Every structure is written in structure tokens, then in C-alpha cells.
Amino acid sequence: MSGDGSQNVEIEGGVAGPVPSAMSDVLVRGKRLVVRIVLLQAGCAIIAASLFSVFKGSHQGLAALVGGLIVAVGTAVLGWRAFKPGIAGGAVLNTAMYTGVALKWTWFAFALYLALARLKLEVAPLLIGMAVSQLGYWVGLLRLK
């Protein structure tokens with residue numbers, strides 16, 4: 001870091017230059033947000049799975065856990081891909097975001113196929129686990145001080 005509050009950062013394409021530390025702080029906060037949301041979604045999945053296991057049985061609990069983890073992994077894939085370029089131009093970031101969303105939906109389709117067709121998990125607990133896990137996303141976006 002230099003005396004003016006900037007640091008040299010390598011941008012995709014091999015071009016390096018000074019980037020104000022406030023911009024790199026945004027990148028760090030974004031990555032922390034993704035981790036926080038994924039952990040909250042996994043926690044919601046565990047809560048849903050626990051409730052299903054207690055009240056309906058272990059097979060339904062497993063379905064709810066798998067549904068919730070499908071959502072958490074999808075969010076992790078999206079976040080990983082969206083923040084992969086680091087600090088870059090708008091076109092690069094736009095492409096990264098679209099690629100992340102495409103990978104997330106590809107993951108959803110593949111994981112749902114495995115869960116329903118191969119593992120023969122029950123549909124209702126799986127979808128409820130997915131919905132409850134999605135609540136972790138909204139809770140993770142809240143900024144409590």
C-alpha cells in the first residue's frame with residue numbers, strides 16, 4: 001500500500017495498476033457477505049431437517065437437508081463466480097455475474113435430478129428445505145449494527 005491509500009492490484013488481463021483501498025474493501029466485504037449468506041442458508045437447512053426428522057421421520061429430514069444444501073451450494077457457486085474477476089471493468093463483471101447465475105441454475109437442475117430421480121427423496125420436504133434455506137439469503141442481506 002502506498003502513502004495515498006491505494007495499492008497495486010492485478011486486474012484480469014494482466015494489467016496492474018493502483019486501486020484505492022476502498023475499492024478492494026468492497027471486494028472483501030462482498031466475499032464476506034457470500035460466506036455469511038451460505039452459512040445462514042446451511043443453518044436454515046439444518047433447522048428444517050431437524051424439525052422434519054423430529055416430527056416426520058429421518059427420511060423426510062434428509063430430504064429437507066438435501067433441499068436446503070442445494071440452495072446453499074447454488075449460492076456459493078454464484079458468489080464464487082461473481083467475485084472471481086476481482087476489481088474489473090463492467091463488461092467483465094457483467095459476464096461473471098451471468099456466468100454465475102447460469103452455473104447456479106445448472107447446479108439446481110442437476111442436483112434436483114439427483115435428489116428426485118436417483119435418490120428418490122420426497123418432493124415436499126425437499127422443496128420446503130429449499131424454501132426455508134432461501135430465507136437465509138434474505139436474513140443475510142440484513143445489515144444489523
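**View 1. Two aromatic pairs turn up in a search of the whole structure.** Rings of Phe, Tyr and Trp (its six-membered ring) pair if their centres lie within 6.5 Å, and planes under 30 degrees apart count as stacked, over 60 as edge-to-face and the rest as tilted. Tryptophan 105 and phenylalanine 108 form an edge-to-face pair, 5.1 Å centre to centre with 80° between the planes. The model is predicted, with local features needing pLDDT of at least 70 and side-chain atom pairs counting only at pLDDT 80 or more, while totals for chains, interfaces and linings use all residues. Residues are numbered from 1 along each chain as its sequence is written, and side-chain values use heavy atoms, leaving out hydrogens and water.

**View 2. Tyrosine 137 and tryptophan 138 form an edge-to-face aromatic pair.** Their rings lie 5.0 Å apart, centre to centre, with 85° between the planes.

**View 3. The largest nonpolar core has nine residues.** They are Ala63, Ile70, Val71, Phe108, Ala111, Ala115, Leu121, Leu126 and Met130, where a nonpolar core is a set of buried Ala, Val, Leu, Ile, Met, Phe, Trp, Tyr and Cys residues joined through side-chain atoms within 4.5 Å. Phenylalanine 108, one of these residues, is buried with a relative accessible area of 10%.

**View 4. Alanine 115 touches Val66, Ile70, Lys120, Leu121 and Leu126.** This list does not count residues up to four places away in sequence, and contact means heavy atoms within 4.5 Å.

Conventions: Buried means under 20% relative accessible area, exposed over 50%, partly exposed in between (1.4 Å probe, protein chains only).
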